[in-house]
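Biologist: I'd like to learn how to read packing and contacts off a model. Can we go through one together?
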Number of protein chains: 2
Amino acid sequence: MTKSQPQALWIYAHPEAKSFNRDIFDAGRAELEKTHTVVTSDLYAMGFNPLLTSADFGGAADAEGTFLERWATAFETDQLLDDVRAEQQKMLEADLVVIQFPLWWYAVPAILKGWIDRVFASGFAFDIIDPETGRTRRYGDGLLVGKRALIVVTAGEHATALGPRGISGDLDSLLFGLTHGVLFYTGMSSLPLHLIEQADDMTPERATEEIERLNARLKGVYDETPTPYRTRESGDYRPARVLRDEFIPGRVDLGIHRTEG
Amino acid sequence: MTKSQPQALWIYAHPEAKSFNRDIFDAGRAELEKTHTVVTSDLYAMGFNPLLTSADFGGAADAEGTFLERWATAFETDQLLDDVRAEQQKMLEADLVVIQFPLWWYAVPAILKGWIDRVFASGFAFDIIDPETGRTRRYGDGLLVGKRALIVVTAGEHATALGPRGISGDLDSLLFGLTHGVLFYTGMSSLPLHLIEQADDMTPERATEEIERLNARLKGVYDETPTPYRTRESGDYRPARVLRDEFIPGRVDLGIHRTEG
């Protein structure tokens, strides 16, 4: 491990000490350690507190201003809580962020949602108004620009049920609030989802295959093309923040927010 | 309050004791109390634990079987934890469920996600295989059938940014995993979303208007038509659980899962 190595942060949100999720967490980290300094946030093992409360606002909790303004004040005046600051420091140092979780109710587990709710503070991950430039920093232009993020998600279902026209909704739409609303919004390069289907019925053979498939992906992670979401600066959106009629006319699916449709 | 009144459960997930969310929580409950017995789950005030862990599986945690099988065993053998059982009892007694939260990162706050993760246990809210009939109980045919559910969500953004072709993704898609994946899946009648926009910049005049708009909705809540999601029994889906080509051909947005397109 040398200074010149890139750094990876692997965020892991599964409760069971023995599980297929644990196996790919172990194997994936070992693969990344060949080329990265790897830092982890094993949220259950850490006992991470997922509840955003007024304690997260420090002395700014009772100040004037909106929720986001008071939160930004707390960040700017170093009043965030220690556990949040530690996670923010890991984020700042990361070149690559891997977020691994089981799909529970078509979304992230509560402990991971709470990590996002608390760590991605106003002023840290995005700015409604940048205090120096007066510029909004979000939608591809957030404060975490330059990092790339890979989501690794296991699901009990068959991939078809989570694919285009699948009964559960397609996974790209179900997790759009994460890939676009969190990762892209805060400036990160959001990579295509890595879905592992039928994770509750994993045979040893398929487990080996899935570990190899993920490790191959991790090896080539800097060669991948991030999802090309449209920025606000592109002018593709009207001032009301609605996609202009001339782009992909008539369609209303979430795929319209990618420049390649 | 008489025995013959319907019962409402209002689930509330906002951390601040003084907030616009608290005002509509108070006003909405007062409106419902005219015609309902109203029970609440004020998740932050209760200190609800949002973390699903092996403790939720009781003695079944280390048994054979998949995650969902062990969870169902824990439910069927009365081994769920007391706080979860109390919430399940409230759900069983409710005719109407109101779920109120601020939109954080385009999704529910962690404490509410954890309430869903823990309370909607396998065997309680749905069955992969019903032990009596051998029938799957989900996708409109879940175990919570007969209840209707209204989501009340506040957002900092303008409604246009959360509407069709809006930059953040339309709210119906962003919350599909909740309206379809949780409410409809477990058999509830999922009502159209109630969005309150620009909630961080609420003037007293607009606050009054919004309270009146919500109360009018609560008054007529049994006259509303639930979102007509397609059931599995309809035959609209192929065995791979993909919508048949002849229904709304070519479209891939989540609206295809409604019978009216």
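Biologist: Which residues have the most contacts inside the largest nonpolar core?

Modeller: Ground rules before that. This is a predicted model, so local features need pLDDT of at least 70 and side-chain atom pairs count only at pLDDT 80 or more, while totals for chains, interfaces and linings use all residues. Residues are numbered from 1 along each chain as its sequence is written, chains are lettered from A and ligands numbered from 1 in the order in which they are written, and side-chain values use heavy atoms, with hydrogens and water left out.

Modeller: A nonpolar core is a set of buried Ala, Val, Leu, Ile, Met, Phe, Trp, Tyr and Cys residues joined through side-chain atoms within 4.5 Å. Buried means under 20% relative accessible area (1.4 Å probe, protein chains only). Here the largest core has 125 residues, and F101(A), W115(A), F120(A), F101(B), W115(B) and F120(B) have the most contacts inside it.

Biologist: What does F120(A) touch, leaving out residues up to four places away in sequence?

Modeller: Contact means heavy atoms within 4.5 Å. The partners of F120(A) include W71(A), M91(A), W115(A) and, from the other chain, W105(B).

Biologist: How do I read an aromatic pair, and how many are there?

Modeller: Rings of Phe, Tyr and Trp (its six-membered ring) pair if their centres lie within 6.5 Å; planes under 30 degrees apart count as stacked, over 60 as edge-to-face and the rest as tilted. There are 32 pairs over all chains. Take Y12(B) and F25(B): their ring centres are 4.1 Å apart and the planes at 0 degrees, so this pair is stacked. The pair joins strand 1 (residues 7-12) to helix 1 (residues 20-32) of chain B, 13 residues apart; helices (H or I, at least four residues) and strands (E, at least two) are DSSP runs, numbered from the N terminus. Both Y12(B) and F25(B) are buried.

Biologist: What sits over the ring of F25(B)?

Modeller: A charge counts as over a ring if NZ of Lys or CZ of Arg is within 6 Å of the ring centre and within 35 degrees of the ring normal. For F25(B), that's the charged end of R29(B), 4.0 Å from the centre.

Biologist: And how many salt bridges run between chain A and chain B?

Modeller: A salt bridge needs a side-chain nitrogen of Lys or Arg within 4 Å of a carboxyl oxygen of Asp or Glu. The count between the chains is two. R70(B) forms a salt bridge with E16(A), with the closest N and O atoms 2.9 Å apart. R70(B) also lies over the face of F57(B), 5.8 Å from the ring centre.

Note on methods
Buried means under 20% relative accessible area, exposed over 50%, partly exposed in between (1.4 Å probe, protein chains only).
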